Amino acid sequence: ASGTASGDQLQRVLGAVLPAVVKVEARTDTGKATGSGVIFANGGYVLTNAHVVDRAQSIGVTLSTSELLRARFVGRDLTDDLAVLRVRRAGLTTAKVGRSADLRVGDAAIVVGSPFGFQSSVTTGIVSALHRVVKVPDGEGAGEGRELVDAIQTDAAINPGNSGGALA
């Protein structure tokens, strides 16, 4: 979407995206980390941030229907802070993945995720800048770990637990 999203546009986007956004809970020997994820491919493949599931001993994914499923870690790309999980469930709604190259500063931005453990939370704003360098927390969620380059900056509210969620 270009510019500010109208109410009808927002509802159409959310109708397509919300069913594909999940809550991710990663348990470690020191506690748990929560974040968000997006079902991006058939077969139950979920994209999230690597720092959400770093050092996880078990991972749970809560679907938009509130059903909790056990997830299996598939792989990660630390350079881009991405991780792929897989849940055993057929027929899940997948999100259409866009191209960041198509974004422009000023485009409407919709953030969908699970901040503070709440599921299916939505905030809106605009794309504020492109190609930012961002410090990513380490696997324990404290301190600065590595740098993420080429990030998209938005003025939409992003809170703890939104990591890994959708930017529509």
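The legends below accompany close-up views of a predicted model.

**View 1**

**View 2. Strand β1 pairs with β2 and with β4.**
Strand β1, which covers residues 21-28, is joined to strand β2, residues 31-41, by 8 bridges, and these two strands run antiparallel. Together β1 and β2 form a hairpin that has 2 residues between the strands, and within this pairing E25 stands opposite T34 of β2. Strand β1 also pairs with strand β4, residues 58-62, in the antiparallel sense, here over 5 bridges, and R27 is found opposite S58 of β4.

**View 3. The hairpin of β2 and β3.**
Strand β2 pairs in the antiparallel sense with strand β3, residues 45-49, over 3 bridges, and I39 has V46 of β3 as its bridge partner. In this hairpin 3 residues lie between the strands, and G43 takes a positive phi near 95 degrees.

**View 4. The largest nonpolar core and V61.**
The largest nonpolar core contains 27 residues, of which V24, V53, V61 and L85 touch the most other members. At least two residues of this core are supplied by each of α1 (7-17), β1, β2, α2 (50-53), β4, β5 (68-77), β6 and β7, and the largest share, 4 residues, comes from β1. Which residues does V61 contact, once its neighbours within four places in sequence are left aside? V61 is then in contact with V22, K23, V24, E67, L68, L69, A71, L85 and V87, and among these partners V24 and L85 are, like V61, listed with the core members that touch the most others.

R88 is found in the loop between β6 (82-87) and β7 (108-113). Is R88 buried or exposed? R88 counts as exposed because its relative accessible area is 81%, and the cut-off for this word is over 50%.

Methods: Residues numbered from 1 in each chain as written. Predicted model: local features only at pLDDT ≥ 70, side-chain atom pairs only at ≥ 80, totals over all residues. Heavy atoms only, no water. Pairing = 2+ DSSP bridges. Buried < 20%, exposed > 50% of the residue type's maximum accessible area, 1.4 Å probe, protein only. Core = buried A, V, L, I, M, F, W, Y, C linked by side-chain atoms within 4.5 Å. Contact = heavy atoms within 4.5 Å.
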